[in-house]
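The sequence and the model come first.

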Amino acid sequence: MSTTYIGIIRDHSMSMQGLTTAARIDYNASIASIKDAAQTSGVKTYVSTVICGSGVHPELKQVPICEVNELVVYNANGRDTPLFDSVMEIINHFTKI
């Protein structure tokens, strides 16, 4: 049986303040779609997430997709958007799998 690992980076910087509802809806739709695809295909699927905004914060580490909850609140109050650092964080995480 194959296994899929998915990494998601979420921007929680202040520049996202006007987009929090759309970002939350998009994230939840993505998670629902991944869950559906994993269930339909029977592929073991794990999700890791990193939050950026006022630094880089790993959130989920290799969580089975069936255990990933919808995002209820999307705060956007971070001072900066360390996007490249966030990408490196998720890459480094996957290199250790």
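## After helix α1

G42, which follows α1, has a positive phi, near 75°. Helices here are DSSP runs of H or I with at least four residues, strands are runs of E with at least two, and both are numbered from the N terminus.

The model is predicted, so local features need pLDDT of at least 70 and side-chain atom pairs count only at pLDDT 80 or more, while totals for chains, interfaces and linings use all residues. Residues are numbered from 1 along each chain as its sequence is written, and side-chain values use heavy atoms, with hydrogens and water left out.

## Helix α1

Helix α1 covers residues 20-41; at 1.5 Å a residue its 22 residues should span 32 Å, and the end C-alpha atoms are 31 Å apart, which agrees. The expected span is 1.5 Å times one less than the number of residues.

The buried residues of α1 are T20, A23, Y27, N28, I31, I34 and A38. Buried means under 20% relative accessible area, exposed over 50%, and partly exposed in between, with a 1.4 Å probe and protein chains only. Down the axis of α1 the buried residues fall within an arc of 130°, so they line one face of the helix; the arc is that of the directions from the helix axis to the C-beta atoms. These residues pack against β1, β2 and β3, where contact means heavy atoms within 4.5 Å. Exposed residues D26 and T40 sit on the face of α1 turned away from the buried side.

## R24

R24 belongs to helix α1 and is partly exposed, at 24% relative accessibility. Leaving aside residues up to four places away in sequence, R24 touches L71, V72, V73 and Y74. The C-alpha atoms of R24 and L71 are separated by 6.3 Å, although the two residues are 47 apart along the chain.

## Helix α2

Helix α2 runs over residues 83-95, and its 13 residues should span 18 Å at 1.5 Å a residue; the end C-alpha atoms are 18 Å apart, which agrees. Its buried residues are S86, I90 and H93. Seen down the axis of α2, they fall within an arc of 55°, so they line one face of the helix.

The cover over these buried residues includes β1 (3-11), β2 (44-52) and β3 (56-64). On the face of α2 turned away from the buried side are the exposed residues F84, D85 and T95.

## Aromatic pair

One aromatic pair is found in a search of the whole structure. The ring centres of Y5 and Y46 are 5.6 Å apart and the planes are at 20°, so the pair is stacked. Rings of Phe, Tyr and Trp (its six-membered ring) pair if their centres lie within 6.5 Å; planes under 30 degrees apart count as stacked, over 60 as edge-to-face and the rest as tilted.

Y5 lies in strand β1 and Y46 in strand β2, 41 residues apart, and the pair thus links distant parts of the chain. Y5 is partly exposed, with a relative accessible area of 37%; Y46 is also partly exposed, at 22%.

## Whole chain

The protein has two helices and three strands, in the order β-α-β-β-α from the N terminus. Of its 97 residues, 34% count as buried. Among contacts between residues at least 6 apart in sequence, 77% join residues at least 24 apart. The C-alpha atoms fill a box of roughly 45 × 30 × 15 Å along the principal axes.
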